[in-house]
There are 4 protein chains.
Amino acid sequence: MEEIIFFRKVNYYETDQMKFVHHSNYIRYFEEARTYFLEEVGYPYHIIEEAKIYSPVLKAEAEYKKSLTFGDEIYIKPKLTYFNGVRMNLSYEIYNACDNVLVCTGKTEHCFLNDNGKVVSLKKCDPEMYEAFLACVVE
Amino acid sequence: MEEIIFFRKVNYYETDQMKFVHHSNYIRYFEEARTYFLEEVGYPYHIIEEAKIYSPVLKAEAEYKKSLTFGDEIYIKPKLTYFNGVRMNLSYEIYNACDNVLVCTGKTEHCFLNDNGKVVSLKKCDPEMYEAFLACVVE
Amino acid sequence: MEEIIFFRKVNYYETDQMKFVHHSNYIRYFEEARTYFLEEVGYPYHIIEEAKIYSPVLKAEAEYKKSLTFGDEIYIKPKLTYFNGVRMNLSYEIYNACDNVLVCTGKTEHCFLNDNGKVVSLKKCDPEMYEAFLACVVE
Amino acid sequence: MEEIIFFRKVNYYETDQMKFVHHSNYIRYFEEARTYFLEEVGYPYHIIEEAKIYSPVLKAEAEYKKSLTFGDEIYIKPKLTYFNGVRMNLSYEIYNACDNVLVCTGKTEHCFLNDNGKVVSLKKCDPEMYEAFLACVVE
């Protein structure tokens, strides 16, 4: 599988009084990259939603290595690091596009819920989606 | 009717790189004050929602007079300036609590929708709520 | 001058429990479009900042005509509607890219400050920038 | 030391289209609780800033156990779990005030910087603050 890379620019309103991007916004950048990842692997959000499957965040973490400032162009490499139909983990690396320096790494953990909020296994409730995600897992 | 006053403090993550509160956050402060206003007049959000009535924002505006910084204590005076059962306008004044200086004024305009997204008149669909809001209107 | 058009997609974290984009985020979309506008006319933020000129928002308003949902592709047309060296007004039109329907209009008003927070006229303190902005004004 | 407890209510604009608080906002709640903690132990932000000391976030993580919805009253217990003058770790527990159920846990890691962005030890550059923080550490 080709590497999936999501580009975006830092917005003014994402900075704080330290003149850097506020740390909470990286969690939002991860979500943008995850959304893009799902699109790229053929399961954009509206397809998942039509299948009445929801995937809440169980855990999120970020490690900040370098700061980002307004106007910085960044790219994010989201990866599916674990998937068993019931749980799904992604990792993220955010790079500053001007020098390719790694500025932040992170992880999110997810499960799958049906319409009634019950935990489900994709293997059972959507085998096709299950196979698609399984094929994306990298170590 | 007694004046309704909503207090809160400026959060760090609401500042931007100019070291002041980002202007978009005042629109959120207005919403907090509006929520508090509805509670105070006996119609907290969950009561309105149980009546299957929704009140989207049609228009919002803010005029910034002074800046606010992290840690500032502020108070907001929300007022119902217009209400006819179909439309509802509120005004807001934000004051810095340390010197009682007016830092921002604003307005929002709202209508009422039912469960199907149709515009409704509170006078017809909830006369009691209609009377309650009517009694709060100030010029 | 060619029309300046800024594209972006609606993010998941910009929605609220009504399942639409929260109204405060349109103010942030305006800022993104304004940033793009300044880049396109040759005065990206860092150039303005290097000239020690700051341009705070004095007033912002938005009128919401249609709702936006997660994943919607939108485009924004920012326009410089007034400029006299001391004050600058912009207008914004947000369109849903799927049907070209106008979903939101808005305005922002700005002044210019120097390093000491004093109001300045661009005509005096940066005639080149003044001429560049003046050439962009549309009715 | 008495337990420090920070109260607040969930705002409407913090929800997302799942009708729950968006996961990125818990990171902001942690910051609010941290700010309150520093105030309570005698070192509010402006005092730290006057000492020309900055404390960026090196790492942040959250584990989501239950969802929160608009209007929920919550309380957060921030704790200083590690401090050696150079590094500082805090943990957070967020509870729903209506049933005292733990809804989220989290951690943040911080260092200390001087005015020039250099890492400093509080033990050397501000022994009084060092002793104050040291006295707050709990396992």
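In this predicted model, three cavities of 30 Å³ or more are counted. The largest cavity has a volume of about 330 Å³. Its lining comprises 27 residues, and those closest to its centre are A:Arg28, B:Asn25, B:Arg28, C:Arg28 and D:Arg28. The elements giving two or more residues to this lining are α1 (24–40) of chain A, α1 (24–40) of chain B, α1 (24–40) of chain C and α1 (24–40) of chain D.

Between chain B and chain D, 13 residues of chain B are in contact with 13 residues of chain D. The area buried between these two chains is about 1,300 Å², with carbon and sulfur atoms giving 53%. B:Tyr13, B:Glu31 and B:Phe70 supply 42% of the area that chain B buries against chain D, more than any other three residues.

Two salt bridges are counted between chain B and chain D. A salt bridge joins the side chains of B:Glu39 and D:Lys9, at 3.0 Å from N to O. Nine residue pairs, both residues at pLDDT 80 or more, are in polar contact between chain B and chain D. On the side of chain B that touches chain D, β1 (6–9) and α1 of chain B each supply at least two residues. The largest share of that side, five residues, comes from α1(B).

Technical notes: Residues numbered from 1 in each chain as written. Chains lettered and ligands numbered in written order. Predicted model: local features only at pLDDT ≥ 70, side-chain atom pairs only at ≥ 80, totals over all residues. Heavy atoms only, no water. 1 Å grid on protein atoms, 1.4 Å probe; cavity = no way out; pocket = protein on both sides within 12 Å on 5 of 7 lines; lining within 4 Å. Points joined across faces, edges and corners; volume = space filled by probe spheres on them. Helix = DSSP H or I, 4+ residues; strand = E, 2+ residues; numbered from the N terminus. Contact = heavy atoms within 4.5 Å. Buried area = accessible area lost by both parts, 1.4 Å probe. Salt bridge = Lys/Arg side-chain N within 4 Å of Asp/Glu carboxyl O. Polar contact = N/O pair within 3.5 Å; in protein donor to acceptor, adjacent residues only side chain to side chain.
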